[in-house]
Amino acid sequence: MDKYVNLIKLSVGSESVDTLMAWQDSRKPLYEDGLPRHVTRMWPKREAEILNGGSIYWVIKGVIQCRQRIVRMDEVRGEDGIRRCAIVLDPEVHRTQNALKRPFQGWRYLKPEDTPADLPKNRAQDDALPDDLNRALAEIGVL
C-alpha cells in the first residue's frame with residue numbers, strides 16, 4: 001500500500017497552537033508512553049491508510065493551523081464499557097499554512113492533495129497574528 005490519508009479535527013477550546021500543545025503536555029502523565037492522543041467514539045475504517053503516513057490536521061478558531069503525525073490507534077474502553085479509538089500522535093507539532101475550515105462535528109478524512117503545506121522550519125516560531133487578521137488573510141489566500 002503506497003497511499004495514505006489524513007484526518008482533520010476541530011481543536012475545541014484551543015485558542016492557538018501553543019494552547020493545544022500545552023493541553024497535550026498537561027495530559028502526558030495519564031499515559032504510560034507519554035504520547036498525546038485524541039479519543040473518539042468512531043474507529044476510522046481507513047486505519048491502514050492513516051497509519052501509512054497520515055497526520056491529524058488541527059482546526060483552531062476556524063483555521064487549519066498545524067498537524068501531528070499519527071503513530072497508532074489504540075482501543076480504549078471507558079467506565080461505560082464502550083469501545084473507543086485513541087488516535088495516538090507524535091508529540092512534534094508541524095505548523096502549516098493557514099486554511100479556512102467551516103465547523104464540523106467529529107473528525108473527517110482529508111486527502112493529501114487537500115492539505116495545507118507545512119510552514120518552513122524557520123517560520124514555525126513566528127509571532128502569531130491576531131485571529132481576525134489571520135482569518136482575513138486566509139480568506140483572500142495570502143496565508
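Where is the place of aspartate 33?

Author: The model is a predicted one. Aspartate 33 lies in the loop that runs between α1 (17–26) and β2 (37–40). With a relative accessibility of 34%, aspartate 33 counts as partly exposed, because that class covers values between 20% and 50%. Once its neighbours within four places in sequence are set aside, aspartate 33 is in contact with Arg72 and Val88. The side chains of aspartate 33 and arginine 72 are joined by a polar contact of 2.5 Å. As for valine 88, its C-alpha atom is separated from that of aspartate 33 by 10.0 Å, and the two residues stand 55 residues apart along the chain.

Lysine 61 is placed in the loop between β3 (55–60) and β4 (63–77). Although lysine 61 is not a glycine, its phi is positive, at about 55°. Its relative accessibility is 35%, so lysine 61 also counts as partly exposed.

The cysteines call for a separate remark. Cysteine 66 has 0% relative accessibility and therefore counts as buried, the limit for that class being under 20%. Cysteine 85 is likewise at 0% relative accessibility, so this residue counts as buried.

Note on methods. Residues are numbered from 1 along each chain as its sequence is written. This is a predicted model: local features need pLDDT of at least 70, side-chain atom pairs count only at pLDDT 80 or more; totals for chains, interfaces and linings use all residues. Side-chain values use heavy atoms; hydrogens and water are left out. Buried means under 20% relative accessible area, exposed over 50%, partly exposed in between (1.4 Å probe, protein chains only). Helices (H or I, at least four residues) and strands (E, at least two) are DSSP runs, numbered from the N terminus. Contact means heavy atoms within 4.5 Å. A polar contact is a pair of N or O atoms within 3.5 Å; within protein, one must be able to donate a hydrogen and the other to accept it, and residues adjacent in sequence count only if both atoms are side-chain atoms.
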